[in-house]
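Dear colleague,

Please find the structure below, followed by some notes on what was found in it.

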Amino acid sequence: MVKLQIIEGPMEGQDFELDEDIFYVGRSTKNDLQLSDSAVSRMHLKVFKLGKACFVEDLKSSNGTFINDKSAAPGEGFQVEVGDVVSIGNTKIRFEEIPTKGPFDLKELGTPTAERVKVGETDRNVERRARSGRELKLIESVSELLRESTDTRDFLNQVVGFLADTLPRIDRAAIFLFDSETLETKDVVSQPRQIFTEEFMTYSREALDRVLREMKAVMVQDASLEKPALSSTEGGAAGIKSVMCVPVTAKSKLHGAIYVDGIKESHAFRKDDFSLVNCLTGPLGLAIENAQLTAKLSSIAGILSGT
């Protein structure tokens with residue numbers, strides 16, 4: 001469970017556990033965590049969990065929010081990890097004990113049947129289990145594909161196709177491949193939902209740059225509310241309504257990123273969709289790393305056979 005530890009300010013020394021997926025912080029009594037800090041806004045900060053990841057969002061506060069002394073733009077979710085310090089007003093909050101368990105409990109996965117739905121269960125819980133069934137199906141498909149596929153690009157093409165089919169509101173999906181040493185883009189495997197006159201490279205460069213700089217996910221449901229650079233494409237033209245970009249890592253190295261966006265309407269994905277995308281990063285990282293290892297072994301074999 002996530003724990004917020006106040007390390008500076010009027011309530012220094014107090015701890016608060018986040019037992020909900022969404023947790024509000026501010027001066028008002030309506031918050032989950034009410035701070036007795038006059039420099040904190042009435043509704044200052046939202047903390048929310050998406051699968052294994054934890055995010056904070058400034059709620060257009062008067063004095064702003066800072067993550068490790070860097071200003072966090074209001075209305076945008078920023079991923080935080082163990083040890084990160086969030087400053088609001090005169091209060092500093094450190095994140096501790098962020099859980100490492102996967103985003104899904106296998107005991108709860110699967111589409112609910114009439115027999116499984118408990119008396120009094122809300123429609124929201126039923127919908128959540130239905131989504132979990134969809135997510136499990138995608139994970140199983142990708143895992144099976146990973147076992148069967150021998151061609152990495154074919155594997156990535158099919159994964160992107162699965163994403164496009166599973167997230168019906170998005171317009172485009174892609175997997176970016178990076179050189180793990182230089183972090184330069186080596187390849188892009190894309191799946192536009194419709195025919196475009198331009199290449200897919202009209203993506204949000206700002207979102208991808210954040211992943212490259214920080215190795216943290218970026219998720220913005222309404223890019224029109226953010227600074228222009230986020231909604232602008234690589235070519236400079238604005239038009240991206242929402243964007244999500246999640247790093248693909250293996251052994252602490254950045255190998256790529258999963259990118260999805262909406263160009264026709266904002267809110268092209270839900271917060272639950274982040275959990276689905278995030279759970280695919282492990283198999284993708286493994287596939288990319290295995291492909292690199294195979295290429296190195298083939299190169300060594302070629303050198304040895306030539307001697």
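Helices (H or I, at least four residues) and strands (E, at least two) are DSSP runs, numbered from the N terminus. This is a predicted model, in which local features need pLDDT of at least 70 and side-chain atom pairs count only at pLDDT 80 or more, while totals for chains, interfaces and linings use all residues. Residues are numbered from 1 along each chain as its sequence is written, and side-chain values use heavy atoms, with hydrogens and water left out.

The protein has six helices and 16 strands. Of its 307 residues, 45% are buried, where buried means under 20% relative accessible area, exposed over 50% and partly exposed in between (1.4 Å probe, protein chains only).

Helix 3 covers residues 205-214, and its buried residues are Glu206, Ala207, Leu208, Arg210, Val211 and Leu212. After helix 3 comes Met215, with a positive phi near 55°.

Ten salt bridges were counted in the model, a salt bridge being a side-chain nitrogen of Lys or Arg within 4 Å of a carboxyl oxygen of Asp or Glu. In one of them, Glu57 meets Lys46 at 3.5 Å, N to O, and this pair links strand 6 (residues 53-58), which holds Glu57, to strand 5 (residues 45-50), which holds Lys46, the two residues being eleven apart. Glu57 is buried because its relative accessible area is 14%, and Lys46 is buried too, at 10%.

Another salt bridge joins Arg169 and Asp273 at 2.9 Å, N to O. Arg169 sits in the loop between helix 2 (152-166) and strand 12 (172-178), and Asp273 in helix 5 (residues 271-279), so the pair ties together parts that are 104 residues apart in sequence. With a relative accessibility of 32%, Arg169 counts as partly exposed, whereas Asp273, at 2%, counts as buried.

A salt bridge also forms between Asp261 and Arg172, whose closest N and O atoms are 2.7 Å apart; Asp261 belongs to strand 16 (residues 253-262) and Arg172 to strand 12, 89 residues apart. Both Asp261 and Arg172 are buried.

Finally, Tyr24 is found in strand 3 and is partly exposed, with a relative accessible area of 27%. Leaving aside residues up to four places away in sequence, Tyr24 touches Asn31, Asp32, Leu33, Met43, Leu45, Lys46 and Leu59, contact meaning heavy atoms within 4.5 Å. Asp32 lies in the loop between strand 3 (22-26) and strand 4 (33-34) and counts as partly exposed at 43% relative accessibility.
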